[in-house]
Amino acid sequence: MSTLQSFLAVSGEAASFFKMGGYATYVWPAYAVFFLVLIADTVAPRLRRRRLLGELRARLARQSVRHERDATSAPPSSTPPSA
Amino acid sequence: MANWIPLWLHRLSSPPTFYRFAGTLLPWAMALAVLCGIIGLYGGLVLAPADYQQGDAYRIIFIHVPSAWMSMFIYAVMGVSAFIALVWRIKLAEVVAMESAPIGAAFTFITLVTGSLWGKPMWGTWWTWDARLTSELVLLFLYLGVIGLYHAFEDRRQGARAAAFLAIIGIINVPIVHFSVNWWNTLHQGSTVNIFGHSKISWDMLWPLLTMTLATKFYYAASLFRRARTDLLSLESGKDWVRRIAEGEADR
């Protein structure tokens, strides 16, 4: 069989596969919904995790800045300022 | 707690231990889900012959039926862990129950949409208010109710307790969905696959269906692990082990 013939045979098989015996407009949307919903279900917790850890890091950074400021600034004097 | 529960189960229910445990199993569960999915879909879409009555339209069965089984299976898992969460107040049981709800809702939604896409060419209608379809729609509303109630409270654990209560009450709907095709006259066909008896389906169609069922089971495990890990980070965000994870991932 020539290359062209085998290519046509393969593409013909693929075309009939995608036609789904005339039910392509029902079968493929069903599969699309299945995969899109599951992909969304997989991506959503990943995004939430990234956001959570980002917020937590920001909070920790603010805390450490506050700690440093408290450590470097002079401690409040215990004696009241003289008038 | 009762002393018949093994010690390792106690340890596993501690959030940092479960976080690590789920993190180890997650990639394996996801890999098995993808592998089973590829094999099952190849068997179902390419190898299996067309149905003598329904032609190629029946091929929706390979996602519709596993999703429908998962919609009930996940509800059962959610109901049982909600019960454990209410009785023993185990934080991990709350997390498993509340993070199962969105996955269950996803599978219920898939079941309804793929069923509709199958019903149109076979029955001539997208939707009909019969027992099977209506009880499955009620199942979706129960999932959405659990999710909504959980998020309606300022205090997360209080919300989880209220939602767990709804989840337990709603469990009554699961046998109704399952037996609806026997109890009422319905447009929906009866069960095709019977675990304990003779299945009314040829092996060429049955093995892809069972492989897809395995794929959805593994997918649920992976998704639940991923969601539970994220939720534990959020619940325990003040704790040292979560801080270490946040700082460790900043380096990458």
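User: What share of chain B is buried?
Analyst: Buried residues make up 39% of its 252 residues. Keep in mind that this is a predicted model.

User: And what share of chain A?
Analyst: There, 13% of the 83 residues are buried.

User: How many helices and strands does chain B have?
Analyst: Chain B has nine helices and zero strands. Along the sequence the pattern reads α-α-α-α-α-α-α-α-α.

User: What about the secondary structure of chain A?
Analyst: Chain A has two helices and zero strands.

User: What does chain B span along its principal axes?
Analyst: Its C-alpha trace spans about 60 × 40 × 35 Å.

User: Among contacts in chain B between residues at least 6 apart in sequence, what share joins residues at least 24 apart?
Analyst: That share is 75%.

User: Now the two chains together. How many residues are in contact?
Analyst: On chain B, 31 residues are in contact with 22 residues of chain A.

User: Which elements of chain B give two or more residues to that side?
Analyst: Helix 4 (91-123), helix 8 (203-235) and helix 9 (240-251) do. Helix 4 of chain B gives the most, with eleven residues.

User: How do the residues on that side of chain B divide?
Analyst: They split into 18 nonpolar, six polar and seven charged.

User: Let's zoom in on B:Ala246. Where is it?
Analyst: B:Ala246 sits in helix 9 of chain B.

User: Which residues does B:Ala246 touch, apart from those up to four places away in sequence?
Analyst: B:Ala246 touches A:Leu53, A:Leu56, A:Arg57 and A:Leu60. Two of those partners, A:Leu53 and A:Leu56, are listed among the buried residues of helix 2 of chain A.

User: Why does B:Ala246 count as partly exposed?
Analyst: Because B:Ala246 has 19 C-beta neighbours inside 10 Å. A buried residue needs 20 or more.

User: How far is B:Ala246 from B:Gly124?
Analyst: Their C-alpha atoms are separated by 54 Å. Along the chain, B:Ala246 and B:Gly124 are 122 residues apart.

User: Switching to helix 2 of chain A. What is its reach?
Analyst: Helix 2 of chain A reaches 71 Å from its first C-alpha to its last. With 49 residues, that is close to the 72 Å expected.

User: Which of its residues are buried?
Analyst: In helix 2 of chain A, the buried ones are A:Tyr26, A:Val27, A:Ala30, A:Phe34, A:Leu38, A:Asp41, A:Pro45, A:Leu53 and A:Leu56.

User: How many residues are in the largest nonpolar core?
Analyst: That core has 70 residues. Those with the most contacts inside it are A:Tyr26, A:Ala30, B:Ile60, B:Ala97, B:Val146 and B:Ala163.

User: Which elements give two or more residues to this core?
Analyst: Chain A contributes helix 2 (24-72). Chain B contributes helix 2, helix 3, helix 4, helix 5 (131-151), helix 6 (156-170) and helix 8. Helix 4 of chain B gives the most, with 14 residues.

User: What is B:Ala97 in contact with, leaving aside neighbours within four places in sequence?
Analyst: B:Ala97 is in contact with B:Met78, B:Ser81, B:Ala82, B:Ala85, B:Ala164 and B:Ala167.

User: Next, where does helix 2 of chain B bend?
Analyst: Helix 2 of chain B bends by about 30° at B:Leu25. A proline, B:Pro27, follows within four residues.

User: What do its buried residues pack against?
Analyst: The buried residues of helix 2 of chain B pack against helix 1 (7-12), helix 3 (61-88), helix 4 and helix 8 of chain B. Those buried residues include B:Phe18, B:Tyr19, B:Cys36 and B:Gly40.

User: What is the phi of B:Arg89?
Analyst: Near 55°, a positive value in a residue other than glycine. Most residues other than glycine have a negative phi. B:Arg89 is in the loop between helix 3 and helix 4 of chain B.

User: Is B:Arg89 buried or exposed?
Analyst: B:Arg89 is exposed, with 11 other C-beta atoms within 10 Å.

User: And what is the phi of A:Met20?
Analyst: Phi of A:Met20 is near 50°, which is positive. A:Met20 lies in the loop between helix 1 (3-19) and helix 2 of chain A. A:Met20 is buried, with 20 other C-beta atoms within 10 Å.

Key:
Residues are numbered from 1 along each chain as its sequence is written. Chains are lettered from A and ligands numbered from 1 in the order in which they are written. This is a predicted model: local features need pLDDT of at least 70, side-chain atom pairs count only at pLDDT 80 or more; totals for chains, interfaces and linings use all residues. Two residues are in contact if their C-beta atoms, placed from the backbone, lie within 7 Å. Ala, Val, Leu, Ile, Met, Phe, Trp, Tyr, Cys and Pro count as nonpolar, Asp, Glu, Lys and Arg as charged, and the others, Gly among them, as polar. The bend at a residue is the angle between axes fitted to the seven residues ending there and the seven starting there. A residue is buried if 20 or more other C-beta atoms lie within 10 Å of its own, exposed if 12 or fewer, and partly exposed in between; C-beta atoms are placed from the backbone. A nonpolar core is a set of buried Ala, Val, Leu, Ile, Met, Phe, Trp, Tyr and Cys residues joined through C-beta atoms within 7 Å. The expected span of a helix is 1.5 Å times one less than its number of residues.
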